[in-house]
Amino acid sequence: MACQSVYAVMDEQALLGLNPNADAPYRQRALAYFEQLKESQDAWEVCADALAKGIYSDDHVKFFCFQVLEHQIKFRHAGLSAAQQQLIRETLMKWLQTQLMNAQPEKAFIRNKAAQVFALTFVMEYLTLWPKFFFDILNLVGLNPHGVDIYLRTLMAIDAEVVDRDIVHTPEETRRNTLIKDSMREQCIPSLVESWFQILTAYQQTHPELTCQCLEVVGAYVSWIDLNLIANDRFVNLLLSQMSMEDLREEACDCLFEIVNKGMDPVDKTKLVESLCQVLQTAGFFNIEQEEDVDFLAKFSRLVNGMGQSLVLSWSKLVKSGNVKEATETLHAVEAKVPLLLQLLVHEDDDISTNMVGFCYDYLHVLKQVSPPEEVGPDPSEAGTDSIRSLQLPQLTEQQKANIEAVMLTVMKKLTYDDEYNFENEGEDEAMFVEYRKQLKMLLDRLAQVSPELLLEAVRRVFTSTMQRWQTAPFMEVEVAIRLLYMLGEALPASHGAHFSGDSAKTSALQDMMRTLVSCGVSGYQHSSVSLEFFETVVRYDKFFIVEPQHIPNVLMAFLDQRGLRHSSPKVRSRVAYLFSRFIKTLHKHMTAFIEDILNRIQDLLELAPPENGFLALLTSDDQLFMFEAAGVLIVSGESPVERKQVLMRSLLAPLMDAFRLLLAKLLQESVEERQAALADCLSHAVGFASRTSKAFSNKQTVKQCGCTEVYRDCLHSFLPALSCPVQRGALRSAVRSFLHRMIICMEEEVLPFIPAASEHMLKDCEAKDLQEFIPLISQITAKFKRQVSPFLQQIFMPLVLAIFEVLGRPAEENDQTAALEKQMLRRSYFAFIQTVAGSGMNEVLANQGAENIERVLFTIIQGAVEFPDPIAQKTCFIILTRLVELWGGKDGMVGFPDFIYKHIVPACFLAPLKLTFDLSDAQTVLTLSECTLTLKMIHLKRESEFIQFLQHEYLPSLQVTPEISQELCQVLQQPDVKVLKNYIKVFFQRAKL
């Protein structure tokens, strides 16, 4: 051993800290000791010695020693001397030898870590120092169970290091791994395969856990070794015999799955799968109904699915290559598996059924491709299938049609809820069933593409018979019948939901089913799943009511009574509130006669829930948003005279205003923070509800045309005082700000008198987030009203800018990521605001701020373009600079601005792209460079030859740019094609950074 001094023995005190229950000081000492051993040139050798001699019995110390060794091999192997590398090999083999003699194996976590260290050593040394790695291990362990266990774990660890495709490797590692696999194929794979066979044979009765480990190894390695070594009589017969052994059958199944999954020639793959199927069938594995072991069937179904998908893939390849004979034979092989597919797909265990969805989907895809094109609508995913069309079967055969029907019936059956589904408290099992239903829906959609007529007829049959006996049928049957009707909406696509025009066979069938749905009384079925499905389907096919509007009153009543919005289940009420708003939005033209009746019936659902504890409202505040939107649509879109609309809208909004005033007074007197938050929440809801009603207005039905200007003006008078409330500022400001955004859209210039006072309040005592959210409001006003708000903008411009500077200038903790991000977002908002002002044609807003203020703002834009590594903000800054050059850079521009161009803007255009943080491989940065180029182009446009002279004789020489390149750049700048200039500038900076 190279080291015999201070490290000859291990630090026993530090080792105490390895125990998970050790005190913090001991744990810290252990950590420090670990780092010390890792970093020292030879101190790790004491760990090697401890492992080789088995000095320690403590599991944590053994694991620790392997960790230290692992670090040396992984990160310092190349720096070790030949003697030290030899020491690692000897240590591992001595440790392995001691395992053979131990009565009890090491704990699993130590064996796994040891296998990792063996695997890392193999990866580092197999190609150079230790080509006999496997032979040395096999010679040592023989058939000793403890040794075989380490050998198999090592093989799996090697698979993880060398083969596993989920692990990202560098190109160098990938090359090394390829060399390792090539070398293994040449030198040792036949011996390894032989060892696997011996292990599988020797231990299948006595050590099932080792046999399972070995089967896992075979499954992992079969993807890249010669398949003939495994897919032969002796190996396959052994695997088949193990599929009959209770402890081994699941792993044997997985191993066969990996064999089937191996990539190979399509003809060979078909032969392999068919021979495997034959022996499985002969052995009785296809008799599913006699198999009671669900766990095994889950593995077996995965194997059958793999075989089926492999055959479909082979068929597809053979069709593309024009091999008609082999393709036809492979299709027959696929069809022969359909009875087994159906048996497993319909199995009561959903895991088994789920495993078959892939094969079923692929089989239907085959039928879609071999069925005549006119039978289904065009599918863009089938582009480029001419070769398939040329090999089409003349028609779907009777057997294929029977298969399609069988799949349909299976899907319909499996879509059904079972008795154990918990609708009120959905957990993991329920989530898994919902996911499973989505997969079944994919099959239904595929069935519709293969044969829409068959699907429509099958659904109609099930739906009609169920609706005739819905009063006595179990809820799951009623729910699935309505669900199938709902699913047809996506399975049989129609442009913009126009299911009730066009193909008469389809429309009459759907119309019949919808008529039955809304008139048979099933909406009163006493189960939440049926209630939900009823309303979902009514809204999915809302266009039906345009064709048959006589059904609207009945459906409206279902929405409004205990079947819908007043249902006993909160989940149903919540969903129905959303669906009700959608129903109203689509069909409001057909509801003129019912508007006031509906508004009366939902009046209690529009009340603001007080913040007192214990009050249980029927709807949550989120649900109420939909109700207010629906109420707004009914009022605005109705055919009532303007005066009536005005009265209705006031009766809708007045209670909110009254409640708001009372609650705000309460909030100002409240001292308990929890109560303050509850009150602020309630106030925010009131503003949100009023805001949501405004969504009903449009260009055809404006606030003014509906006579509602005054009531919204009153809302503003009621809500704006909340901005000066000293408590719960964030929530209140956010709500009022959102309302102002809506009013700017709806009320036009009527909102303008409210903006100055609101802005003044919102700029007081604000945080970065407040400003960041306030700026879009000002930008919206600027973009919408332009010159109308010029005086206001001139007045607010510097207060807003100074507020932003103040917040950006506040000190923050160095590692405070949240604060840094907030400042970055505020900076972006600030530049976006300047861009809006500069781009809105209101030159005077900036120009009238006084020379000192203008200069200050200009410098922040230069700083934003150059100093901060944020390409989004930088891009905005260059857009602003381009615009300012356009405004002020000409002969009659702002006094002193040309000087600013040469001193600051031109340098910014070169210094920003030269920064190390300016990454030209990043797409966003390339967009920034593009804007920077446009700034240079604009300067040339405004200053012409003067600019060229400045670049050639002053600025570019100062950057040590050669005269030739300077001249080249100036020539490109002067030609008209901007695209050429952009490409040139990109190359210019790429060269400059080399």
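Trainee: Which residues of helix 37 are buried?

Mentor: The model is predicted, so local features need pLDDT of at least 70. Helix 37 covers residues 768-785. Its buried residues are A768, D770, L771, F774, I775, L777, I778, S779, Q780, I781, T782 and F785.

Trainee: What do the buried residues of helix 37 pack against?

Mentor: They pack against helix 35 (729-746), helix 36 (755-762), helix 38 (790-808) and helix 39 (817-839).

Trainee: Why is D770 counted as buried?

Mentor: D770 has a relative accessible area of 14%, and buried means under 20%. Leaving aside residues up to four places away in sequence, D770 touches R733, R737 and D765.

Trainee: How does the span of helix 37 agree with its number of residues?

Mentor: At 1.5 Å a residue, 18 residues should span 26 Å, and the end C-alpha atoms of helix 37 are 26 Å apart, so the two agree. Just after the helix, K786 has a positive phi of about 45°. Helix 21 (residues 398-414) can be checked in the same way: its 17 residues should span 24 Å, and its end C-alpha atoms are 24 Å apart. The buried residues of helix 21 include I404, V407, M408, V411 and M412.

Trainee: How many disulfides are there?

Mentor: A disulfide is a covalent bond between the sulfur atoms of two cysteines. The cut-off is a pair of cysteine sulfur atoms within 2.5 Å. The count here comes to zero.

Trainee: Where is the largest cavity, in terms of the residues that line it?

Mentor: Rolling a probe the size of a water molecule over the atoms shows where empty space is left. The structure holds one cavity of 30 Å³ or more, and the largest cavity has a volume of about 40 Å³. Its lining consists of L846, I854, V857, L858, I861, L884 and W888. By class these are seven nonpolar, no polar and no charged. Helix 41 (851-866) and helix 42 (871-888) each supply at least two lining residues, with helix 41 giving the most, four.

Trainee: What lines the largest pocket?

Mentor: The largest pocket holds about 820 Å³ of space. It is lined by 28 residues, and E348, D350, T416, D418 and F433 lie nearest its centre. The lining has nine nonpolar, six polar and 13 charged residues. Helix 22 gives the most, with seven residues. Helix 21 is among the helices that each supply at least two.

Trainee: Which residues are closest to the centre of the second largest pocket?

Mentor: The second largest pocket has a volume of about 550 Å³. Of its 21 lining residues, Y417, V434, R437, R483 and E533 are closest to the centre. The lining divides into seven nonpolar, three polar and 11 charged residues. Helix 26 (528-540) provides the largest share, five residues. Helix 22, helix 24 and helix 29 (570-587) also each supply at least two.

Note on methods: Residues numbered from 1 in each chain as written. Predicted model: local features only at pLDDT ≥ 70, side-chain atom pairs only at ≥ 80, totals over all residues. Heavy atoms only, no water. Buried < 20%, exposed > 50% of the residue type's maximum accessible area, 1.4 Å probe, protein only. Contact = heavy atoms within 4.5 Å. Expected span 1.5 Å × (residues − 1). 1 Å grid on protein atoms, 1.4 Å probe; cavity = no way out; pocket = protein on both sides within 12 Å on 5 of 7 lines; lining within 4 Å. Points joined across faces, edges and corners; volume = space filled by probe spheres on them. Nonpolar A, V, L, I, M, F, W, Y, C, P; charged D, E, K, R; others polar.
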